[in-house]
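Biologist: I am new to this structure and would like to be walked through it. Could we begin with a term that will be needed later, and then go through the chains?

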Amino acid sequence: MIERMELFRAVAERRTNEIVVMTMTATLQWPLVSKSDLDFDFLAFGMGHAADFGLGLAIARPERKTIVWKGDGGILMSLGSLVTLARYAPENLVVFLLENRSYEMVGGQELPPRADFVELARASGFEGGGAAGKGKVERIDALEAFQDALPRILTEAGPHFIVLPVTNREKLPPVNHSDHAGRIRTLRKALNVS
Amino acid sequence: MSGNGASASKTVRKLHELGFTHALMIPDSESRLLYEALENDPEIDLITPCREGESVAIAAGLWTGGLKPLLVIQNTGLMEAGDSLRGCGVGPKVPLRMMVGWRGYGGATAGKLPIDSAYTFTEPLLQAWRIPTWRLMSDDDLGTLELMDQTAAETSYPAAVITGYGFKP
């Protein structure tokens, strides 16, 4: 298991020009380690669809990686998205699945205990798939292993679907209620889209 | 209002004129010929998600990144995609361009029973979201695509044409 804030710190330290899309509890804690106009808070933009939004961004912006912090409860809300990612995801998409086996944001209710997210991704065709047939599925269980793998993940061709079992000891900050249209405008401006 | 469906090839030509880069579309019986025309089109990239909620979110990502997607979506899919359309289009004012297939229109307007509930709720649903709509029922209506496109751009808000008949070649 990996403490989530340690995971975020590791990515924030390595991050350069990547777009980072986040949802649910990641929207509360990622901003503690990152202040960038390339960060996109997807909370309340459409339940279960953060990685789909990231897919669109990754196709549109091939010059940089798009990272999605995705929850395991969220992936269950749109399992078909795995199949779509496995078919179309370009080489620059990285999905980090934060696996805490619960609906943490709303009280920690348990997820279906036997669902295996690595196997779901593989069965969806993600391994060896994606737009260029380079899709990779991994499960990384320890912070040291994640830190070792991160330079590779951020540079090699993907798409990547990385399952990360996480814990959280930190108190969660309050929800960001900033204007949704403003979030879109800020990201487009950061990407020099008129 | 008259019409018996627009030509798929003429519709695709119009989409070229308007600069669409991607079409997100799950095939249905009425739009089958449009799907095939887009599948074989070298200029517009066709993406076929598993469900329409995905389509909306992918389209929002494409637009945010600087591209110009078209959502082709049957009314039943529109209903499934409600939260995604709210969250990725209506709420953040993303100018999603939509072509909504009006399943049930032909039967209902011909007086056939039972009325398809998908027919009944299509226009009220779009009105509830304050999404402006135009009817694309024949080749004579292809100009509605331009109106829809301009309105979405000018208002930075979703806009839609509704197709009541199946596409012709």
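Modeller: Let us begin with burial: a residue counts as buried if 20 or more other C-beta atoms lie within 10 Å of its own, as exposed if 12 or fewer do, and as partly exposed in between. Please keep in mind that this is a predicted model.

Biologist: Let us apply that. Is A:Arg101 buried, exposed or partly exposed, and why?

Modeller: A:Arg101 has 16 C-beta neighbours inside 10 Å, so it counts as partly exposed. The residue sits in the loop between strand 5 (93-99) and strand 6 (102-103) of chain A.

Biologist: What is the phi of A:Arg101?

Modeller: Phi of A:Arg101 is near 60 degrees, which is a positive value in a residue other than glycine. For A:Asn192, too, phi is near 60 degrees, again positive in a non-glycine residue.

Biologist: Where does A:Asn192 lie, and is A:Asn192 buried or exposed?

Modeller: A:Asn192 belongs to the segment after helix 8 (180-190) of chain A. It counts as exposed because it has 7 C-beta neighbours inside 10 Å.

Biologist: Next, the backbone. Which peptide bond of A:Pro159 is cis?

Modeller: The bond from A:Gly158 to A:Pro159 is cis, with omega near 10 degrees. A:Pro159 is placed in the loop between helix 7 (143-153) and strand 9 (160-167) of chain A. In chain B, a cis peptide bond joins B:Leu113 and B:Pro114, with omega about 0 degrees. B:Pro114 is in the loop between helix 6 (105-109) and helix 7 (117-128) of chain B.

Biologist: Turning to chain B as a whole, how many helices and strands are there?

Modeller: Chain B has eight helices and six strands. Along the sequence they follow the pattern α-β-α-β-α-β-α-α-β-α-α-β-α-β.

Biologist: And what are the dimensions of chain B?

Modeller: The C-alpha trace of chain B spans about 45 × 35 × 30 Å along its principal axes. Its radius of gyration is 15 Å, which agrees with the value near 15 Å that a compact globule of 169 residues would have. Buried residues account for 47% of the 169 residues in chain B. Of the contacts in chain B between residues at least 6 apart in sequence, 73% join residues at least 24 apart.

Biologist: What is the strand order in the sheet of chain B?

Modeller: The six strands of chain B form an open sheet in the order 2-1-3-4-6-5, with parallel pairing. Strand 2 (45-47) and strand 5 (133-136) of chain B are the edge strands, each pairing on one side only. From one strand to the next, the twist averages 25 degrees.

Biologist: How many bridges link strand 1 and strand 3 of chain B?

Modeller: Strand 1 (residues 22-25) and strand 3 (residues 69-74) of chain B pair in the parallel sense over four bridges. B:His22 stands opposite B:Pro69 in strand 3 of chain B. Helix 8 (residues 143-155) of chain B packs on the sheet, touching strand 4 (97-101), strand 5 and strand 6 (159-163) of chain B. The direction of helix 8 makes about 160 degrees with that of strand 6 of chain B.

Biologist: Now the core. Which residues have the most contacts inside the largest nonpolar core?

Modeller: That core has 101 residues, and those with the most contacts inside it are A:Val21, A:Phe96, A:Leu97, A:Leu164 and B:Leu71. Helix 3 (residues 50-60) of chain A supplies the largest share of this core, eight residues. Leaving aside neighbours within four places in sequence, the contacts of B:Leu71 include B:Leu24, B:Ser55 and B:Val56.

Biologist: Is B:Ser55 buried or exposed?

Modeller: B:Ser55 is buried, because 34 other C-beta atoms lie within 10 Å. This residue lies in helix 3 of chain B.

How values were computed
Residues are numbered from 1 along each chain as its sequence is written. Chains are lettered from A and ligands numbered from 1 in the order in which they are written. This is a predicted model: local features need pLDDT of at least 70, side-chain atom pairs count only at pLDDT 80 or more; totals for chains, interfaces and linings use all residues. Helices (H or I, at least four residues) and strands (E, at least two) are DSSP runs, numbered from the N terminus. The radius of gyration is taken over C-alpha atoms; the globule rule is 2.2 Å times the number of residues to the power 0.38. Two residues are in contact if their C-beta atoms, placed from the backbone, lie within 7 Å. Two strands pair if DSSP finds at least two bridges between them. Axes are lines fitted to C-alpha atoms, for helices over the stretch in contact, and angles run from 0 to 180 degrees between N-to-C directions. A nonpolar core is a set of buried Ala, Val, Leu, Ile, Met, Phe, Trp, Tyr and Cys residues joined through C-beta atoms within 7 Å.
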